Amino acid sequence: MKKKINISIFLFALVLVACSPKPSQDPGFVFTVVAGTQTAAAYQTDVARSLHTSTPTLATLRPTLTPYPTGTTFVFVPKPSVTPTPLPSATSTPFIRTEWPGWKTGDVVRMPSGTGGNIGTNKKFSDLTGLMVKVVRRNGVALRSVPNKAIGGPMEEQGSAFTLTGVMNKNPEFGWLFAQVIAADGNTYWVGGSEGDEATDPTLSLTFYYPYLTASPTPSLTLTPTP
């Protein structure tokens, strides 16, 4: 019974509280609550943003290293091994012909038809081709168009130089001997006459001539060894 009375009292008290007039609220209360909520939200937003965007100032953990300049690399490619051409010896002497070759050493040839050069026998001496000869006969020599002593021609004085073609003509029937030469005018002639005659035999009236040897000598090069 006592328990029922206590429950009744408790319920009665609740009714009194519910029926009691509500205290009046400040008109700005709602706005204050809203403003506070917005401020708190903005503060939380700024805090979150600062955590993601701000760069914290940290102490330098290691010194700044200045890189060394990059070195230039050179690639050396060895040249192929080449055997140098030996220089000619200063003591070597070029071959100098002083005598005319024997008649039997030449090769028989024929001159072009119509030149009149096929009288007797013609022989080619290759080792005479291109050599120079000089007139040593005091009265000079005749330049003939054909190897025939009966045919005359202009005279070349002593000291005149010719170039040998390498062809010589011999006529045993008349005892004639001629050498074919190229004169200074560029034309080809025959120089000769009676074989063994100092005046007309080309091997006696002409001598081999080497102008590059008779020119003024070139000063020799003296090499001083380096200590």
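**Entry 1: ground rules.** I count a contact when heavy atoms lie within 4.5 Å. With that in hand I looked up serine 194, which touches Lys149, Gly175, Trp176, Thr200 and Asp201 once residues up to four places away in sequence are left out. The model is predicted, so I kept the rule that local features need pLDDT of at least 70 and side-chain atom pairs count only at pLDDT 80 or more, while totals for chains, interfaces and linings use all residues. Numbering starts from 1 along each chain as its sequence is written, and side-chain values use heavy atoms, with hydrogens and water left out.

**Entry 2: the whole chain.** I found four helices and nine strands, taking helices (H or I, at least four residues) and strands (E, at least two) as DSSP runs numbered from the N terminus. The order from the N terminus is α-α-β-β-β-β-β-β-β-β-α-β-α. Of the 227 residues, 22% are buried; here buried means under 20% relative accessible area, exposed over 50%, and partly exposed in between (1.4 Å probe, protein chains only). Among contacts with a separation of 6 or more, 54% join residues 24 or more positions apart.

**Entry 3: the cores.** I define a nonpolar core as a set of buried Ala, Val, Leu, Ile, Met, Phe, Trp, Tyr and Cys residues joined through side-chain atoms within 4.5 Å. Which members of the largest core touch the most others? They are Trp100, Leu128, Phe162, Leu164 and Phe208, out of 20 residues. The elements giving two or more residues to this core are β3 (132-135), β6 (161-171), β7 (176-182), β8 (188-194) and β9 (206-209). A second, separate core of five residues includes Met111, Val167, Trp176 and Trp190. I then followed leucine 128: beyond its neighbours within four places in sequence, it contacts Arg97, Trp100, Pro101, Leu164, Gly166, Met168 and Phe208.

**Entry 4: salt bridges.** My rule is a side-chain nitrogen of Lys or Arg within 4 Å of a carboxyl oxygen of Asp or Glu. How many salt bridges does it give? The count is two. In one of them, aspartate 127 meets arginine 97 at 2.5 Å, N to O. Aspartate 127 sits in the loop between β2 (121-124) and β3, and arginine 97 in the loop between α2 (29-53) and β1 (107-109), so the pair ties together parts 30 residues apart in sequence. Aspartate 127 is partly exposed at 42% relative accessibility, whereas arginine 97 is buried at 13%.

Glutamate 195 and lysine 170 also meet in a salt bridge, at 3.7 Å, N to O. This pair links distant parts of the chain, with glutamate 195 in the loop between β8 and α3 (202-205) and lysine 170 in strand β6, 25 residues apart. I noted glutamate 195 as partly exposed, at 41% relative accessible area.

**Entry 5: polar contacts.** I take a polar contact as a pair of N or O atoms within 3.5 Å; within protein, one must be able to donate a hydrogen and the other to accept it, and residues adjacent in sequence count only if both atoms are side-chain atoms. Back at serine 194, in strand β8, I found a polar contact of 2.7 Å between its side chain and that of lysine 149.

Setting aside neighbours within four places in sequence, threonine 165 contacts Lys124, Thr129, Gln180, Val181 and Ile182.
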